[in-house]
Amino acid sequence: MMGWGDFLIILAVCGVAMLVCRVLPLFLLKGRELPEGVKQALGFIPPAAFAALVANDLLSPGMFDAGLWPAAEPLLAAVAVIMVSVVTKSLLWSAVTGVAVYALLSMI
């Protein structure tokens with residue numbers, strides 16, 4: 001059984017680890033120019049993280065258990081979002097399109 005003292009030690013260690021991993025690089029790199037390759041690589045992190053989250057929701061092992069159409073609805077909505085986002089480059093219109101297309105497909 002873990003007591004409050006053990007919990008507080010673990011909490012403090014997690015807090016220090018978080019600060020070291022997130023805040024310390026900001027202070028160490030402040031005012032320094034990063035190489036172009038590093039800048040380009042860092043630009044891929046947000047889209048990659050977002051793609052991982054979306055793929056986890058769109059593709060699941062039992063997605064075809066309810067049938068083909070219920071599995072295709074989110075995929076078709078995602079295709080519509082991709083098309084709108086490529087054309088408009090707007091997060092607002094992409095989100096509105098995704099919600100609207102998914103709602104319309106759910107009513108069919």
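I take contact to mean heavy atoms within 4.5 Å. The model I looked at is predicted.

**Overall fold.** I looked up the secondary structure first. The chain has 6 helices and 0 strands, in the order α-α-α-α-α-α. I then checked how spread out the chain is. Its radius of gyration is 21 Å, well over the 13 Å that the globule rule gives for 108 residues, so the chain is more spread out than a compact globule. The C-alpha trace spans about 55 × 50 × 20 Å along its principal axes. I noted that buried residues make up 11% of the 108 residues. Of the contacts with a separation of 6 or more, 34% join residues 24 or more positions apart.

**Helix 5.** I checked the length of helix 5 (residues 68-88). Its 21 residues should span 30 Å at 1.5 Å a residue, and the end C-alpha atoms are 30 Å apart, which agrees. I listed its buried residues as Ala71, Glu73, Pro74, Ala77 and Ala80. These pack against helix 4 (45-58) and helix 6 (91-107). Just after helix 5, I found Lys89 with a positive phi of about 55 degrees.

**Arg32.** I located Arg32 in the loop between helix 2 (24-29) and helix 3 (36-42). Arg32 counts as exposed because its relative accessibility is 61%, against a cut-off of over 50%. From Arg32 to Ser60 I read 28 residues in sequence and 43 Å in space, C-alpha to C-alpha.

**Surface and charge.** The chain exposes about 8,900 Å², and carbon and sulfur atoms supply 77% of that area. I also looked up the charges: the mean positions of the 5 positive and 6 negative ones are 20 Å apart.

Terms used:
Residues numbered from 1 in each chain as written. Predicted model: local features only at pLDDT ≥ 70, side-chain atom pairs only at ≥ 80, totals over all residues. Heavy atoms only, no water. Helix = DSSP H or I, 4+ residues; strand = E, 2+ residues; numbered from the N terminus. Expected span 1.5 Å × (residues − 1). Buried < 20%, exposed > 50% of the residue type's maximum accessible area, 1.4 Å probe, protein only. Rg over C-alpha atoms; globule rule 2.2 N^0.38 Å. Areas by Shrake-Rupley, 256 points an atom, 1.4 Å probe, with all protein chains shown as cover. Lys, Arg positive; Asp, Glu negative; His and termini not counted. Charge placed at Lys NZ, Arg CZ, Asp CG, Glu CD.
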